[in-house]
Amino acid sequence: MQPEEAIDSQESQPKKRRSLNMVHLNRAYDPPGWKRQLDIHFRLYREDFLNSLRNGLMAFLDVLAKTAEGQEDDLLKKKTLKGRYDNVNVDVYGGVQFLEVDCGVYTGRFAIISFYQPHQIKKKSKEKRLKFWEQSRKRLMPGSLVFFVSRANSNIVDPSSALPAQVVLGTVIDRKTDTLSNDEHCAKIQISLEDPRMYITMLNRNHEQWFLVEPSGGLFESYRTVLETLQEHLPAMMPFGKYLAPNKEETDLVMNAGSVDPPMYTRVPSFRFDLSILLKGKKLELDVNNPESIDKGTRALQESKVLDVTQSKAFVEALSREIALISGPPGTGKTKIGVELMQVLLHNMKATDDGPILCICYTNHALDQFLEHLLDKDITNIIRIGSRSKSERLKQCNLEGWVQEVYKPYYMRETINTLKEEWDSVTDKFKELQKALESHNLSWEYVEHFLKLNNPDQWVKFNESPLPSLSSSDTNSSNDFTEGLSASGTNSSEDFTKVSHGKQQSGSVFQQWIEGTDIKEMKRWNEEILRARESTWFTYSMNPFGVLGDGDDEWKGEDDELEEDQEPFMYEIPSTDRTLELLDDNIWEMSMSERKRLKASWLPRAQELMRNEMVQLLERAEKITKTRNAAFDETRRTALCRAS
């Protein structure tokens, strides 16, 4: 199996899947040069990331295929894999359930999942569970790539897939020790999936047995930015390419020259570095194009005790080259040289006409140390990018703090406010749909769409009148009637539901139909008629169901003239129990059992429309997040320019 197959194979692929190859580069056999060099670095970096993931996943899939159904609990024990494979470190969690999907302003879309507590802390106290997760910080770290694995289902998995199981990729978004340890049986974390359709798919497949597989070395977010940048943003040229990745002509040129060119700004005839900042005001200039000036500057730094012999030479050589590498064992003063270089470059920034200086360190701790050394030199115009700083002194230098002080033009503020309103609308609608799916509630919005396409006659019935089976040519009001019934000892008018014909929306009518409001009113009407027959002091002439009308009814007492042979109107309550095939389009003549049956037949189709809309909402939420982040990135760039 190819590396890409192990990682890219998913149960449901996105419509447009990006491969892990560099889309712009295919230069494995190109002649030497910077483009080939970038491709080599991309492939090496990708393999460094994929190797442990691929080995761990394939080891688990092999063991899963050899494990009999019903014996899967053995897979949750780490020794099961370690006993069969060397150099494979995989953590496996069982009982995975997708609980809900949500969207975060900063994180974008994510799912909250639960899984069984690890075997080591089953039936342990909360204190021991909390201690376990606090000490296991390398488990499920934010940014880690994980796999959701289930046994292959022939009805779902692509027969051409080389994998013997269903595999879905996810990235850990957040882990909190309290949510991991609160429950005795299950832990919870937040997971992001690449394909938005998979969120809805996984929510509907909680009845299947899923495993959460975490191979070691899968901190995807630490690789993602570099890989995506190399993959998508091919530069027009590589800075210092003739030194870092020279082609044949450039190699010959550099070798013949025998040295590295000086920086571009130093090639101006009148340019000199002012080194007085290192000598406590003592005047000293350095012309990097003059060997005598280089020797003089090196001796002056040694004599002033600012730097020792090797440090002075390395310092001057770094200023004299457009690219330099200073190496040495720990404690030899590499950081000190870097700090002094920063002092000189900042002191001469007006003459060099340079922009901000970018400092990159291998670890957060090393960066904090370097920047604190700059603070010691009264260099305070610093912006630290990244939030993982433990230095109290650098809190004021954090980029996000600078962003708050940057003036945002009107168009940017308007964009951010508009995005927030759209975000609230999208997330509210998504939660509404998710709640409706969980409760199996039917919304008229989705039933209407389905009926328009598949049964327009039924759709018309919902729109032409709220309660068609109860309508009458007489639209007189029921006010006098209900007052008369109250006077005769029957229920008051408050017990009746008044419906204004032609003024109800179809959605509310649909809800009345589901709840059988019309049937309840017919039963109530019949009961009132029976009570009225027992009374000898009145008769009436009115709309048989005037309680639903808007007109005026005429009440007649026992002394009023009655029409000949007039009888009270009684409704026939629907009580049939027909199958779906026998149901006609007259929805108002269906009994409650028939309505429930018809509603149940609409539910899967309406829910499919709801799921499709949820996917679209997730995609829209992701776009809003990216647009919002782009707006804030523009503000961050403005803040960074202030550091120059």
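## Side-chain contacts: salt bridges and aromatic pairs

Lys 176 sits partly exposed, at a relative accessible area of 40%. In this predicted model, Lys 176 makes a salt bridge with Asp 174, with 2.3 Å between the closest N and O atoms. Asp 174 is partly exposed too, at 22% relative accessibility.

That bridge is one of 31 salt bridges that turn up across the whole structure. Here are three of them:

| Salt bridge | Closest N and O atoms |
|---|---|
| Lys 176 with Asp 174 | 2.3 Å |
| Glu 228 with Arg 224 | 3.5 Å |
| Asp 633 with Arg 636 | 2.8 Å |

Glu 228 and Arg 224 are four residues apart in helix α7 (residues 221–232), so about one helical turn separates them. Arg 224 counts as buried at 19% relative accessibility, because the cut-off for buried is under 20%, while Glu 228, at 25%, is partly exposed. Over in helix α22 (residues 592–641), Asp 633 and Arg 636 lie three residues apart, again about one turn. Asp 633 is partly exposed at 32%, and so is Arg 636 at 22%. Shared partners also join Lys 336, Glu 340 and Lys 377 into one salt-bridge network.

Now for the rings: the whole structure holds 18 aromatic pairs. Phe 60 and Phe 211 have ring centres 5.6 Å apart and planes at 65°, so they meet edge-to-face. Phe 60 belongs to helix α2 (residues 34–66) and Phe 211 to strand β7 (residues 211–215), so this pair ties together parts 151 residues apart in sequence. Both of these Phe residues are buried. Tyr 93 and Phe 115 make a tilted pair, 4.9 Å centre to centre with 55° between the planes.

Conventions. Residues are numbered from 1 along each chain as its sequence is written. This is a predicted model: local features need pLDDT of at least 70, side-chain atom pairs count only at pLDDT 80 or more; totals for chains, interfaces and linings use all residues. Side-chain values use heavy atoms; hydrogens and water are left out. Rings of Phe, Tyr and Trp (its six-membered ring) pair if their centres lie within 6.5 Å; planes under 30 degrees apart count as stacked, over 60 as edge-to-face and the rest as tilted. Helices (H or I, at least four residues) and strands (E, at least two) are DSSP runs, numbered from the N terminus. Buried means under 20% relative accessible area, exposed over 50%, partly exposed in between (1.4 Å probe, protein chains only). A salt bridge is a side-chain nitrogen of Lys or Arg within 4 Å of a carboxyl oxygen of Asp or Glu.
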